[in-house]
Amino acid sequence: MSVQTVIGNGLILVGVVLIAVAAAGLFRLPDVYNRTNAVAKAAALGVTVVLIGVGVLLPGRTTIILLVLAIAAQLFTAPIAGYAVGRAGYRSGAQLAPNTHRDELAERYSQDT
Amino acid sequence: MGLLDVVLGVLAVALLAAVVRVITGPTHADRALAFDFSFAVLVAAVGVLAVRFDTPALVHLIGAATLLGFLGTVALAALVERGPR
């Protein structure tokens with residue numbers, strides 16, 4: 001096994017572990033805001049690390065360019081998607097988890113606007 | 001059975017968690033979020049498959065799937081925000 005194979009497989013393994021953590025969070029966390037947090041952070045980072053590992057294992061100019069574009073798109077769009085889902089959840093009245101301490105948005109937000 | 005096969009199995013289990021979240025809800029925002037996550041898993045799985053079958057052409061799918069997942073999630077979030085119909 002070459003160094004390239006070891007590094008590439010290691011990166012893919014780390015990324016998939018991050019995706020598994022995101023899946024566990026999506027499955028177990030109590031409300032939609034916590035789940036948004038898990039998916040937006042861990043899944044985006046996991047996909048990025050997996051794609052870097054793919055780039056290490058499949059070298060070539062076209063592959064690298066495509067992977068850099070895909071990673072940039074992923075890193076730009078994943079937080080926006082998470083934000084959009086959280087905002088949609090709040091505006092459609094999704095309940096917060098019972099052990100939430102404060103809802104600072106409640107006094108600044110009315111359902112009409 | 002190599003490492004990449006095990007990795008694909010783990011990704012399949014992660015996709016199963018997303019499907020369970022789509023079915024059980026409880027809100028529509030949860031379903032939109034599970035859709036977003038399943039597209040992230042799909043992107044990672046296509047990358048691993050490109051390595052597994054030594055097919056660099058599959059990398060072309062990754063960029064398309066990333067943008068498609070983002071647009072789909074934002075569209076679903078806009079639908080959820082409009083309220084139950």
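**Group meeting talk: one residue, two chains**

Let's start with A:Ile19. A:Ile19 is buried, because 30 other C-beta atoms lie within 10 Å. The cut-offs: a residue is buried if 20 or more other C-beta atoms lie within 10 Å of its own, exposed if 12 or fewer, and partly exposed in between, with C-beta atoms placed from the backbone.

Some ground rules. This is a predicted model, where local features need pLDDT of at least 70 and side-chain atom pairs count only at pLDDT 80 or more, while totals for chains, interfaces and linings use all residues. Residues are numbered from 1 along each chain as its sequence is written, and chains are lettered from A and ligands numbered from 1 in the order in which they are written.

Back to A:Ile19. It sits in helix α1 of chain A, residues 3-28. Helices are DSSP runs (H or I, at least four residues), as are strands (E, at least two), numbered from the N terminus. What does A:Ile19 contact, leaving aside its neighbours within four places in sequence? In chain A, A:Ala43 and A:Gly46. In chain B, B:Leu11, B:Ala14, B:Val41 and B:Ala44. Contact means that C-beta atoms, placed from the backbone, lie within 7 Å.

Now chain A as a whole. It has three helices and zero strands. Its radius of gyration is 18 Å, well over the 13 Å that the globule rule gives for 113 residues, so chain A is more spread out than a compact globule. That radius is taken over C-alpha atoms, and the rule is 2.2 Å times the number of residues to the power 0.38. The C-alpha atoms fill a box of roughly 60 × 25 × 15 Å, along the principal axes.

Next, the contact between the chains. Chain A gives 42 residues and chain B gives 40. On the chain B side, α2(B) supplies the largest share, 16 residues.

Last stop: α1(B). Which of its residues are buried? B:Val7, B:Leu11, B:Ala14, B:Ala17, B:Ala18 and B:Arg21. They cover an arc of only 105° around the axis, so they lie on the same side of α1(B). The arc is that of the directions from the helix axis to the C-beta atoms. An α-helix has 3.6 residues a turn, so residues three or four places apart point the same way. What covers these buried residues includes α1 of chain A and α2 of chain B. On the other side, exposed residues include B:Asp5, B:Gly9 and B:Thr24. After the helix comes B:Gly25, with a positive phi near 75°.

Note on methods:
Two residues are in contact if their C-beta atoms, placed from the backbone, lie within 7 Å.
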